[in-house]
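I am opening my notebook on a structure that is new to me.

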Amino acid sequence: MSVKIYGFYGSLYTQIVYLALAEKGVEFERHQVKIGPLMENYEPWYARINPRMVIPTLEQDGAYVCETTAIIRYIDANFEGPPLLPADPSTREQALALVDRISALPLRELSYSRMGGILAVVRDRVLMPKRLRALRKNKKKAPELAALYDVRIADVQAWVSTMAKPAELEAASTVLGELLTELETRLKTADFIVGDSYSLVDVMATVLCARMLALNIAPLSEYPSLAAHYARMKARPRFPKEDIVERIETGKIVRIIAPFLLPRLLALLVVLTLLAMLLAMLTGSWNGFEFLRDPPPAT
Ligand SMILES: N[C@@H](CCC(=O)N[C@@H](CS)C(=O)NCC(=O)O)C(=O)O
């Protein structure tokens with residue numbers, strides 16, 4: 001019954017899965033899928049296990065479960081450990097409705113829209129076009145997956161277009177604000193968001209609070225009961241402190257991607273050096289390895 005999670009450090013949805021596993025007491029193996037600029041998640045091998053090409057994915061005994069809410073419900077239903085959903089059917093329904101609402105929040109658009117200055121230029125001129133190029137390139141590599149790539153290309157195009165529309169971003173902020181207000185109201189008079197014990201809603205809200213702190217997508221300090229709940233959740237005995245990221249540590253990301261990046265940087269350096277030598281030879285500004293030849297006889 002070995003469990004493997006395909007995820008990446010700092011990914012919001014991966015953190016939700018890590019936290020559910022920790023609370024449930026399930027051991028698991030990690031496979032880092034390098035998202036972001038390296039775009040490993042768009043490679044055909046990953047598209048075959050996760051057709052939407054996003055992380056996380058859970059693998060157990062050769063079977064895959066995709067989509068965070070499906071993964072955490074699978075974890076709750078299939079492993080020993082404290083139940084993470086209320087037993088009472090109507091409370092359970094409320095919990096599941098909130099899990100779905102948190103999962104549907106437009107956090108990707110909100111997170112990316114928080115980039116300003118040079119980061120925004122890099123996002124619009126480099127990162128997003130690079131995503132589309134990577135998807136098109138991989139579509140060519142695996143034509144049998146063309147339909148999946150077309151869906152993902154359309155998704156990235158919609159993502160880009162939303163970020164250029166202040167009204168849509170404003171609407172996304174409003175949706176988030178409404179949800180946070182609802183959590184705040186519930187927590188004014190209760191220890192847990194739904195029912196009287198820890199549930200998947202607390203799992204999701206905890207990671208959402210960490211994200212608010214990490215990327216400043218909304219001010220946690222304006223929701224004091226939610227902030228107090230977050231502090232209580234962090235003090236739980238099984239809380240996986242290392243996995244829940246309140247502040248993205250670039251050094252950690254560099255350490256994870258270094259083995260992947262270094263050989264490529266080295267190869268790039270070799271190619272650039274060879275090109276520079278060729279250019280110098282063609283323009284006559286360098287006479288190749290002449291200096292290695294025997295010196296001309298002295299006259
Ligand atoms: N609906 C998906 C969303 C997952 C998602 O957006 N994951 C992000 C990381 S937090 C991702 O894979 N981003 C990479 C990309 O979109 O290229 C889920 O619930 O699992």
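I began with how helices are compared: axes are lines fitted to C-alpha atoms, for helices over the stretch in contact, and angles run from 0 to 180 degrees between N-to-C directions. I noted that this is a predicted model, in which local features need pLDDT of at least 70, side-chain atom pairs count only at pLDDT 80 or more, and totals for chains, interfaces and linings use all residues. Residues are numbered from 1 along each chain as its sequence is written.

**Helix pairs.** I took helices (H or I, at least four residues) and strands (E, at least two) as DSSP runs, numbered from the N terminus. I looked up helix H1 (residues 12-24) and helix H3 (residues 68-78), and found them packing at about 5 degrees with their axes 10 Å apart. H1 and H3 are therefore roughly parallel, since angles under 35 degrees count as roughly parallel, over 145 as roughly antiparallel, 65 to 115 as roughly perpendicular and the rest as oblique. I counted two residues as in contact if their C-beta atoms, placed from the backbone, lie within 7 Å.

Next I turned to helix H9 (residues 200-215) and helix H10 (residues 224-234), which pack at an angle of about 105 degrees, their axes 10 Å apart. That makes H9 roughly perpendicular to H10. I found Asp 202, Ala 205, Thr 206 and Cys 209 of H9 meeting Leu 226, His 229, Tyr 230 and Met 233 of H10.

**Glu 184.** I located Glu 184 in helix H8 (residues 166-188). Leaving out residues up to four places away in sequence, I saw that Glu 184 touches Tyr 223, Ser 225 and Leu 226. The C-alpha atoms of Glu 184 and Glu 222 are separated by 9.5 Å, although the two residues are 38 apart along the chain.

**Ligand.** I listed residues around the ligand, among them Ser 11, Tyr 13, Asn 41, Glu 67, Thr 68 and Arg 108, where near means a C-beta atom, placed from the backbone, within 6 Å.

**Whole protein.** I recorded eleven helices and four strands for the protein. Its radius of gyration is 24 Å, well over the 19 Å that the globule rule gives for 299 residues, so the protein is more spread out than a compact globule; the radius is taken over C-alpha atoms, and the rule is 2.2 Å times the number of residues to the power 0.38. I also noted that the C-alpha trace spans about 100 × 45 × 40 Å along its principal axes.
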